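Here is a friendly note to read with the structure open beside you. Take the points one at a time and look up each residue as it comes.

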Amino acid sequence: MSKLNPRQREAVHYIGGPLLVLAGAGSGKTSVITRKIAYLVEQCEIPARHIAAVTFTNKAAREMKERVGQLLQGRDSRGLTVSTFHNLGLNIIRREHRTLGFKPGFSIFDDQDSKALLRDLLLHNDEDAEQVQTVQHQISTWKNDMIEPEQALAVANGPLEILCARAYEAYNRHLRAYNAVDFDDLILVPVRLFGSHPEVLERWQGRIRYLLVDEYQDTNLSQYRLVRQLVGYRGALTVVGDDDQSIYAWRGARPENLAQLQQDFPSLKVVKLEQNYRSTSRILKAANTLIANNPHVFEKTLWSEMGSGDPLRVLHTRNEDAECDRIATEILDRHLRERIPFRDFAVLYRGNHQSRMLEMKLQSYQVPYKISGGTSFFARAEIKDLMCYLKVLVNRDDDNAFLRIINLPRREIGPTTLQKLGEYASARQASLFDACAEIGLEQVLPAAAIDRLRRFCHMIESLYQRCVQGDPIAAIRELIDEIGYEEWIRQNSASEATAEKRIQNVWFLVDSLRATLERLQEDNPEAGIEEAIARLILIDLMNRQEEEDDSDRVQLMTLHASKGLEFPHVYLMGMEEELLPHRNSIESDTIEEERRLAYVGITRAKRTLTMTLAKKRRQFGEEVECAPSRFLDELPAEDIEREGLGDVSPEQNRAKGRATLSGLRGLLDDL
DNA sequence: TGACGCTGAGTTTTT
DNA sequence: CTCAGCGTCA
């Protein structure tokens with residue numbers, strides 16, 4: 001992809017003012033962003049350190065960085081910022097922590113941490129902790145909408161919202177006390193800082209002289225504000241996005257931010273990328289006609305030069321068993337007959353639960369597959385444990401992390417001791433860690449308990465000393481040995497094999513920490529273990545592990561997870577009312593986002609697309625009749641082959657899959 | 001601490 | 001139906 005098409009070139013070369021690039025699926029938007037960065041550095045002579053590109057995921061940032069590095073080949077890319085919104089926010093908070101009143105080495109609360117904190121707070125107020133999830137979600141929504149606790153309380157409607165608003169206030173107060181921020185704060189705190197300290201904002205505006213934003217349709221209100229603040233009125237901005245691929249409104253994304261740009265910048269230039277380099281024209285035609293049913297601010301029609309390709313197929317099956325069986329046998333068949341590698345197939349679905357039956361079928365036919373999604377690296381218990389040790393190491397006020405590891409491995413410190421300690425600490429306005437050292441504690445706890453607590457604190461303290469004075473990575477390795485963590489994992493694992501895997505994860509984390517620290521020190525020799533740990537909290541190591549594992553497997557994932565990816569052969573299962581337009585979306589009348597979800601699924605396919613649906617489905621124990629998805633009626637009938645409807649009975653249809661399978665035996669014998 | 005049984009929910013998910 | 005989360009009991 002060394003040649004840019006005229007539209008792409010226009011998007012790369014236009015630097016006269018704010019630019020919106022409407023990049024259809026598969027139109028080479030990453031090329032445009034990376035080429036534009038290179039262009040800015042080489043042709044416009046903007047030093048790389050004054051350019052920032054912002055993405056949503058670590059993976060996207062990493063890929064972009066790599067591609068820019070290739071383009072600039074040794075030329076000066078030093079100081080270039082390519083990061084996620086959250087990472088950028090983290091950097092801003094770190095640099096400005098003094099102004100913000102944070103102690104250095106603050107903690108970042110992830111989803112589970114904040115849930116735990118909320119549960120605590122709700123229980124304290126005698127509220128039932130049933131609705132932690134709801135409360136957490138509401139607080140996150142408020143934060144993304146930039147609503148402060150007081151405002152929330154003022155606007156709150158009904159007892160539930162009042163409860164949420166109160167919890168919000170307490171939650172924020174406690175975060176402060178822990179010297180911690182949550183994920184939403186990583187954006188929100190910088191925005192507030194810039195709002196109240198123009199001189200700080202000016203400094204950052206001077207540093208970021210050109211800003212590029214990817215996936216702009218996914219920005220929420222606070223991210224949008226951050227972009228606008230950083231850009232100021234200079235308008236040195238390129239945003240890339242696609243309103244038709246906005247599928248995250250349910251978590252605060254505001255696709256209308258795309259249209260909003262025209263009001264913010266009357267001089268906005270719009271470039272549409274409509275040539276698709278991925279799919280056959282039949283697939284694109286289907287995508288175009290489907291999405292034409294949504295209202296649009298910017299019209300766009302994808303086209304390609306990849307030839308018309310095979311018709312799309314819609315397979316009607318008797319039930320979900322037949323549906324999954326058909327997909328599994330057909331993939332196996334095409335793999336053997338047409339020599340298509342397994343990795344060229346993807347099966348996409350709306351909800352994670354849909355993968356279960358399919359997995360069983362794939363296993364029974366011995367088709368190798370890989371599921372993306374599921375528990376991420378950082379959600380694994382052993383990684384959380386170790387991360388909490390690291391968190392306490394850099395921020396002893398992080399009571400949450402403290403509580404997780406104080407008795408792990410077992411140190412004979414039970415709930416009663418911790419409760420007493422907690423009461424003492426909160427009366428003294430001290431963190432749990434600091435409270436352990438206080439003389440007054442001897443009034444409330446037996447000497448033996450205090451001794452055990454202090455032994456723990458002392459261990460952390462001496463570890464910290466070793467980190468600062470000597471080799472921090474070596475010190476952390478020693479710590480893991482010292483606490484007998486490997487032993488503990490072995491005792492608490494179901495099998496020897498899983499224990500080994502978990503131990504490997506632990507050492508992998510330590511090694512990642514080492515690598516992160518080294519990388520940070522390249523830019524800034526002053527960087528210490530604190531920075532590396534904070535950075536690590538944000539890095540999704542899972543992705544890196546996955547990259548290494550590029551074995552030949554069928555890919556299974558949700559439609560959401562498939563965004564940005566492409567596969568030669570795509571199966572889109574569960575094309576039914578209540579499933580693809582999901583039931584909740586039908587009820588809440590948010591069909592348009594569901595349609596975009598279907599659009600995303602269709603546009604993942606390069607060569608063939610097969611959609612499947614079942615007539616009946618077991619749901620919550622009972623059999624339910626399923627209606628075909630309305631989206632099927634919105635596809636061009638002339639490009640679609642239907643199977644299992646009318647001319648072929650469901651039984652014959654099922655037999656069809658089987659027949660090919662038995663034919664495979666012969667093929668196998670030939671090999 | 002660990003095993004068992006009850007209850008209730010049951011989209012999508014990144015940072 | 002299936003699984004997580006919780007509480008109870010030995």
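1. Let's begin with DNA strand C. The residues around it are Arg356, Phe620 and Gly621, where a residue is near a strand if one of its heavy atoms lies within 4 Å of it. Of the atoms of DNA strand C that come within 4 Å of the protein, 45% belong to sugar and phosphate.

2. A word on how to read the model. It is a predicted model, in which local features need pLDDT of at least 70 and side-chain atom pairs count only at pLDDT 80 or more, while totals for chains, interfaces and linings use all residues. Residues are numbered from 1 along each chain as its sequence is written, chains are lettered from A and ligands numbered from 1 in the order in which they are written, and side-chain values use heavy atoms, leaving out hydrogens and water.

3. Now turn to DNA strand B. It has 21 residues around it, and Asn58, His86, Arg350, Asn352 and Thr558 come nearest. The residues of this surface divide into 5 nonpolar, 11 polar and 5 charged. In that count, Ala, Val, Leu, Ile, Met, Phe, Trp, Tyr, Cys and Pro are nonpolar, Asp, Glu, Lys and Arg are charged, and the others, Gly among them, are polar. Sugar or phosphate supplies 41% of the atoms of DNA strand B within 4 Å of the protein, and bases supply the rest.

4. Which parts of DNA strand B do Asn58, Trp250 and Arg350 approach? For Asn58, a polar backbone atom is 3.0 Å from a phosphate oxygen. For Trp250, an N or O atom of the side chain is 3.3 Å from a base oxygen. For Arg350, a polar side-chain atom lies 2.4 Å from a base oxygen. A polar contact is a pair of N or O atoms within 3.5 Å; within protein, one must be able to donate a hydrogen and the other to accept it, and residues adjacent in sequence count only if both atoms are side-chain atoms.

5. Next, find the open sheet. Its 6 strands come in the order S3-S2-S6-S7-S1-S8, with parallel pairing. At the edges are strand S3 (81-84) and strand S8 (269-273), each pairing on one side only. From one strand to the next, the twist averages 15°. Helices (H or I, at least four residues) and strands (E, at least two) are DSSP runs, numbered from the N terminus, and two strands pair if DSSP finds at least two bridges between them. Strands of a sheet pair through backbone hydrogen bonds, either parallel or antiparallel.

6. Look at one pair in that sheet. Strand S2 (residues 51-55) and strand S6 (residues 210-213) are parallel and share 4 bridges; Ala52 has Leu211 of S6 as its bridge partner. Helix H12 (residues 221-231) packs on the sheet, touching S6 and strand S7 (237-241), and its direction makes about 160° with that of S6. Contact here means heavy atoms within 4.5 Å. Such angles run from 0 to 180 degrees between N-to-C directions, with axes fitted to C-alpha atoms, for helices over the stretch in contact.

7. How many of the residues of H12 are buried? The helix is mostly covered, with 9 of its 11 residues buried, including Leu226, Val227 and Leu230. Buried means under 20% relative accessible area, exposed over 50%, and partly exposed in between (1.4 Å probe, protein chains only). Just after H12, Gly232 takes a positive phi of about 60°.

8. Strand S12 (residues 345-349) is mostly covered as well: 5 of its 5 residues are buried. Phe345, Val347 and Tyr349 point one way, and Ala346 and Leu348 the other way. S12 runs parallel to strand S15 (residues 567-572), joined by 4 bridges, with Ala346 opposite Val570. With strand S14 (residues 554-558), S12 also pairs in the parallel sense over 4 bridges; there Leu348 has Met557 as its partner.

9. S14 has 5 of its 5 residues buried. Strand S13 (residues 369-371) runs parallel to S14, joined by 3 bridges. Leu556 of S14 has Val347 opposite it, and Ile371 also stands opposite Leu556.

10. Finally, why does Gln275 count as buried? Gln275 counts as buried because its relative accessibility is 12%. This residue is found in strand S9 (residues 275-276), and its side chain makes a polar contact of 3.3 Å with that of Tyr277. Not counting residues up to four places away in sequence, Gln275 touches Asn5, Gly26, Ser27, Trp303 and Glu305.
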